[in-house]
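Open the model in your viewer and keep the sequence beside it. The tour below goes from one selection to the next.

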Amino acid sequence: PSAGDLLLEVNSEKKATQVIKWREENKSKEKALEDLQVIQAKITEHQEVYKTQLEQRRKLGRRKLKPTGPRQKELQEDNEIRVSIVLKGDVDGSVEAILDVLDTYSGSMCKLELVHYGVGSVTLSDVELAIAFKAIIYTFNVGVLNDAVEKASSSAVMIKKHNVIYKLVDDLKEEMEKKLPTTEVEESLGEANVLEQFLVTEGRKKVPIAGCRCVKGVLKKNALFRLIRNEEILYDGKLESMRHLKNEVDSIKTDLECGLRLADPSVQVRPGDIIICYVTRQQSQTL
């Protein structure tokens with residue numbers, strides 16, 4: 001203790017421990033209260049800054065409210081892929097949180113158009129707006145008025161209800177991906193090395209046959225074949241014939257030899273050429 005400190009006398013060591021513990025708890029409570037006041041002050045300051053910035057963004061048209069009727073310019077047909085939405089939430093905080101997530105989307109494959117957003121139940125005017133812009137209505141913890149339900153049902157307007165923000169966003173992402181065109185992807189089935197070229201007589205003419213050995217995967221007669229020589233593609237197309245031991249077959253497995261006749265008889269193969277067997281399929285794109 002320092003000079004001038006107050007000393008208290010108690011009857012036992014147990015009592016002294018209780019007093020010390022009580023004083024430490026009070027001191028911790030006082031410190032927590034002071035920290036809470038500082039935190040509250042910082043939260044208030046942050047909210048004021050956020051509100052100011054939000055108002056400035058709105059004045060600049062960042063989330064400009066769409067008119068209640070369609071504008072001719074916006075209804076003109078174009079080739080741009082887009083998904084238009086109407087968003088309704090229970091409170092401003094929920095709507096702002098969803099808008100903040102939507103603002104992070106910057107993809108160019110599909111445009112996201114926010115036609116209208118607001119607080120409260122879905123009304124008839126919301127549905128009419130969705131009809132005009134061919135939009136999907138997304139709700140967060142709000143209902144749909146009866147006349148709006150009837151109008152949406154008769155006009156085939158989708159109303160998607162959610163109460164979890166990330167599920168709403170995932171749903172919207174799926175709707176946008178449905179709009180994307182599929183892409184053609186290539187899947188390699190097998191590979192063969194050309195051992196030699198020989199000619200066979202067919203009618204009155206001789207046609208070239210590529211004597212090959214399958215070195216990887218499987219060769220399928222109904223697939224596509226690509227002839228490569230020194231990294232240059234000489235042929236890309238179908239087969240006319242696939243034979244193994246003079247028998248026409250539908251497939252050749254690894255380590256088996258075969259004779260491949262390309263659909264284009266003018267293509268000449270050489271020993272060392274590589275033939276790739278592959279198929280193509282359509283695949284959905286993702287954002």
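**Strands, helices and one histidine**

Start by selecting residues 136-140: this is strand β3, which runs parallel to β4 and is joined to it by 4 bridges. Strands here are DSSP runs of E with at least two residues, helices are runs of H or I with at least four, and both are numbered from the N terminus. Two strands count as paired if DSSP finds at least two bridges between them. Within this pair, I137 is opposite I159 of β4.

The model is predicted: local features need pLDDT of at least 70 and side-chain atom pairs count only at pLDDT 80 or more, while totals for chains, interfaces and linings use all residues. Residues are numbered from 1 along each chain as its sequence is written, and side-chain values use heavy atoms, without hydrogens and water.

Next, select helix α6, residues 165-179, which packs on the sheet and touches β1, β2, β3 and β4; contact means heavy atoms within 4.5 Å. The direction of α6 makes about 170° with that of β3. Axes are lines fitted to C-alpha atoms, for helices over the stretch in contact, and angles run from 0 to 180 degrees between N-to-C directions.

Now show the whole sheet: 4 strands, in the order β2-β1-β3-β4, form an open sheet with parallel pairing. Because β2 (111-119) and β4 (159-162) are at the edges with a single partner strand each, one side of each has no neighbour in the sheet.

Finally, pick H116 in strand β2. H116 has 16% relative accessibility, so it counts as buried (under 20% relative accessible area, with exposed over 50% and partly exposed in between, using a 1.4 Å probe and protein chains only).
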